[in-house]
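Subject: Structure handover and notes

Hello,

Here is the structure I promised to pass on. Please open it first, then read the notes below it.

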Amino acid sequence: MHLYLTIIVAVVVAFAVSFATTPVVKWFAHKVGAIDIPKDARRVHKSPIPRLGGLAIFVGFMLSVLFFAEIDIQVRGVLIGAVIIVILGVLDDIFTLKAYIKFFIQIVAAVIAIYHDVMIEIFSNPFAFSGNGSEFVYLGYLAIPITIIWIVGITNSVNLIDGLDGLAVGVSTISAVVMLIIALMVSYPNVAIIMAALAGACIGFLPHNFNPAKIFMGDTGALLLGYLLATVSIIGLFKFYAVVSFAAPLLVLAVPLFDTAFAFIRRLLKGQNPMVADRGHFHHRLIDMGLTHKQAVAVLYAVSGLLGLLAVVITTSDLVRALILLFAVLVAAVVVFFIFKGTWKK
């Protein structure tokens, strides 16, 4: 009962701080010139909107975690890395940094987390049920590069889906809530408290970011959310040694992961630089299909929630049911592919 009360209070504190801080951050964004001006077809807003809203999320999250979570070596590494990511995001929102600079600093933040024992060293073998190999896969020397790829990849994936009002922060909220539930089910109370703080901070920012948005969270928020979801998933999901648990973090973060993967493949097939932004993301496609801004966001919320529910079921069900659910997800992925196949040609 004490744990659940702590989680509730962590959510409330993070929510209140984030909600109350956002107007101050909005004023600060105007002062420093951190304004998003619509200058290309990718942007769906028509007038200049202040960014830097991620600062409010960061303050709400940090205060809640420092008050209610246990700051062990892994959490310390995550928080230090988060501070670096936020500084990067603030500078980018104000001055627009070069891509290679952002990439390098993201790797530095990932390495700091790894130095504090936040690392993917082992996960369940997806082929163990067939009798091929041991139940777990040990990465050995591959642990460090794979962890860096995971952290940097998720960090940028959340940033890439930040194209509609309330989309990235809402999907991140859903992911945080799902990870909170899984952490409670597999007895990782500290991870649950951290995810409660993140969910509360995101929910506190959402009223200011719903369409029509009064402020964007900018790279400050998108990179922060991606980094936190990536690092905490390593602590709370990859270290859950159960059959097919390797699928849990993939399902929780499936929306940004799939969107990023499709974006890179699409650009490569068109002979474009995969790092150059375009107007072909899932949310753009939904808008082009005739959905309104709010409808497109609701669809992606629903997809994220469904996949999160599958992740929860997988962590608690037997092998046969888990495999059936995984098959269903693969079928759904194929359906999504054909729905959005027009993306490859546009």
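Helices (H or I, at least four residues) and strands (E, at least two) are DSSP runs, numbered from the N terminus. By that rule, Tyr-138 is found in strand E4 (residues 136-138).

This is a predicted model, so local features need pLDDT of at least 70 and side-chain atom pairs count only at pLDDT 80 or more, while totals for chains, interfaces and linings use all residues. Residues are numbered from 1 along each chain as its sequence is written, and side-chain values use heavy atoms, with hydrogens and water left out.

Overall picture

The chain has 13 helices and four strands. Of its 346 residues, 53% are buried. Buried means under 20% relative accessible area, exposed means over 50%, and partly exposed lies in between (1.4 Å probe, protein chains only). Contact means heavy atoms within 4.5 Å. Take the contacts in the chain with a separation of 6 or more: residues 24 or more positions apart account for 74% of them.

The core

The largest nonpolar core has 94 residues. Such a core is a set of buried Ala, Val, Leu, Ile, Met, Phe, Trp, Tyr and Cys residues joined through side-chain atoms within 4.5 Å. Ile-57, Phe-61, Met-195 and Leu-198 have the most contacts inside this core. Helix H7 (residues 189-209) gives the largest share of the core, 13 residues. Leaving aside neighbours within four places in sequence, Leu-198 is in contact with Phe-61, Ala-176, Leu-225, Leu-228 and Leu-229.

Asn-190 is also found in helix H7. Asn-190 is buried, with a relative accessible area of 16%. Not counting residues up to four places away in sequence, Asn-190 touches Ala-69, Glu-70, Asp-72 and Val-75.

H4 against H5

The axes of helix H4 (residues 99-115) and helix H5 (residues 143-160) come within 9 Å and cross at roughly 125°. Axes are lines fitted to C-alpha atoms, for helices over the stretch in contact, and angles run from 0 to 180 degrees between N-to-C directions. That makes H4 oblique to H5. Angles under 35 degrees count as roughly parallel, over 145 as roughly antiparallel, 65 to 115 as roughly perpendicular and the rest as oblique.

On the H4 side, the contact is made by Phe-103, Gln-106, Ile-107, Ala-110, Val-111, Ala-113 and Ile-114. On the H5 side are Ile-144, Thr-147, Ile-148, Ile-151, Val-152, Thr-155 and Asn-156.

Backbone points to check

Most residues other than glycine have a negative phi, and most peptide bonds are trans.

- Leu-52 is not a glycine, yet has a positive phi of about 80°. Leu-52 sits in the loop between strand E2 (49-50) and helix H2 (54-68), and is buried at 0% relative accessible area.
- Asp-117 is not a glycine either, and has a positive phi of about 70°. Asp-117 is in the loop between H4 and strand E3 (122-124), and counts as partly exposed at 36% relative accessibility.
- The peptide bond from Asn-211 to Pro-212 is cis, with omega near -5°. Pro-212 is in the loop between H7 and helix H8 (218-238).

Back to Tyr-138

Is Tyr-138 buried or exposed? Tyr-138 is exposed, with a relative accessible area of 60%. Not counting residues up to four places away in sequence, Tyr-138 touches Glu-121 and Ile-122. The C-alpha atoms of Tyr-138 and Glu-121 are separated by 6.1 Å, and the two residues are 17 residues apart along the chain.

Best wishes
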